[in-house]
Amino acid sequence: NTLIMSGTISRYNFKAIAPIPDSSKLIDVVLSKTNRKTPTEIRANFKITRIRRFYMRKVKYTQTTCNEKLQLIVDSFPNLDDIHPFYADLMNVLYDRDHYKLALGHVNKAKAIVDRISNDYVKLMKYADSLYRCKMLKRAALGRMATLLKKLKPSLGYLEEVRKHLARLPSINTNTRTLLITGYPNVGKSSFLNNLTKADVDVQSYPFTTQSLFVGHTEYKYTDWQIIDTPGLLDRPISERNTIEMQAITALAHLNACILYFIDISEHCGYTISDQIKLFKNIRKLFYTVDPDTQETVVSKPIVLVLSKIDVTGWEEVSQENKDLITETAEESKAFVVKMSNTEKIGLDEVKQTACDILLDHRLTQKAKNPKKAESILNRVYVATPKRKDKVERPAHVPKTVLDQVPRPNDKKTVLE
Ligand SMILES: Nc1nc2c(ncn2[C@@H]2O[C@H](COP(=O)(O)OP(=O)(O)OP(=O)(O)O)[C@@H](O)[C@H]2O)c(=O)[nH]1
Ligand SMILES: [Mg+2]
């Protein structure tokens, strides 16, 4: 049986895109290649057919180089329809899907125009009756191609900016085991990532320190886990969220991860516990899905409510009202509650273990529920039942020495010390 790899590629090498030349550089490269590869070795006394052929070749050569360069640019950028929805959405948030598609479309369309220019002038050259005419037509053709490339300036400039930014994006694997940290600003998210990984993310005593996604790696049960830190969120409708917050929302919506929702119970972050719970309830729908069979809403992502900064305010000091609020919310969302402190290093491992364990558990149940997965596992299990080849009885032979050592049911059990 052949194993067919399906699904989308989980990791993209966005860092491998070659720098995009600006339009004048592109014109330079194309024209100088034409000059180098098709040197002028033609004289007025040559036969006109030979002269025509020479200049036609020059125009066609320029057309080919031009289109090769443009194709290379188009091919080097990911197609938003082919990549994982997380990356497609993230790129939409960061670079605007329409702008991106328009820029690539602009470059792509230029190829067809180059072809048309080339064809038009090659046709005209068939009627040129002198070296001078041929040369003028060639010059006009190359000139028009150069003008066309010049018009690509804004699109090429934009694509180069996108390329530079893409190269700085963290490499998030959409398939690997993931813990996703979220919550209000200033609640200790980045400090937690730094405590568990070598990520070394900036930590400051003011909100909005983290402005993009960060990824760190840790080990649990002998496998690699990625932990993603996200920018802090405020409680507001999605339409009012800015680019920075939308990166966090995109990750929350698309990544199959265990969600670590941080609640600063000391309220030192500047937001009350009840506000933090309100935000949780607002974004909670991102972790729910509707079961296609029962039409019931189910919690599709495991959640841990991480109560942070317990070195400042212990759980006992939290008002009864807030305690109830937290406990009820956790029950509603089937979330686990773990208390921790980054500065005193209390509960760090407990948060990690809880999160990892419930994600592993969740992945197992998801796999068992998926009928396709179950079927594919069954397909790999094959129970062979041998057919009898004759009537001869072949009883199992157990040596007497072994039989003698087998304890009978009424033998006394020996207890090992
Ligand atoms: N006392 C105490 N302070 C903490 C703890 N964790 C973080 N802090 C402090 O809280 C402040 C914010 O910490 P960050 O880790 O930057 O918080 P964040 O959630 O990443 O904040 P944003 O990036 O702005 O969303 C810093 O001054 C930290 O030193 C903790 O467990 N106890
Ligand atoms: Mg941060």
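**Magnesium site**

I started with the magnesium ion (ligand 2) in this predicted model. I found two protein donors for the ion, Ser190 through OG and Thr210 through OG1, lying 2.0 Å from it. I then asked where in the chain this pair sits. Ser190 belongs to helix H7 (residues 189-196), while Thr210 falls in the loop between H7 and strand S2 (214-220). The two are 20 residues apart, and the pair links distant parts of the chain.

**Second largest pocket**

Helix H7 turned up again here: I see three of its residues in the lining of the second largest pocket, the most that any element gives. I noted 24 lining residues in total, with Asn186, Gly188, Ser191, Val203 and Gln204 nearest the pocket's centre. The space inside comes to about 370 Å³.

**Largest nonpolar core**

Next I turned to the largest nonpolar core, which has 111 residues. Which members touch the most others? They are Phe77, Phe192, Leu260 and Leu305. Helix H4 (residues 97-125) supplies the largest share of this core, ten residues. I also checked the domains: domain 1 (14-168) and domain 2 (178-372) both contribute residues, so the core lies between them.

Terms used
Residues numbered from 1 in each chain as written. Chains lettered and ligands numbered in written order. Predicted model: local features only at pLDDT ≥ 70, side-chain atom pairs only at ≥ 80, totals over all residues. Heavy atoms only, no water. Core = buried A, V, L, I, M, F, W, Y, C linked by side-chain atoms within 4.5 Å. Buried < 20%, exposed > 50% of the residue type's maximum accessible area, 1.4 Å probe, protein only. Helix = DSSP H or I, 4+ residues; strand = E, 2+ residues; numbered from the N terminus. Domains from an automatic or database assignment. Donors = N, O, S within 2.8 Å, 3.2 Å for Na, K, Ca; no water. 1 Å grid on protein atoms, 1.4 Å probe; cavity = no way out; pocket = protein on both sides within 12 Å on 5 of 7 lines; lining within 4 Å. Points joined across faces, edges and corners; volume = space filled by probe spheres on them.
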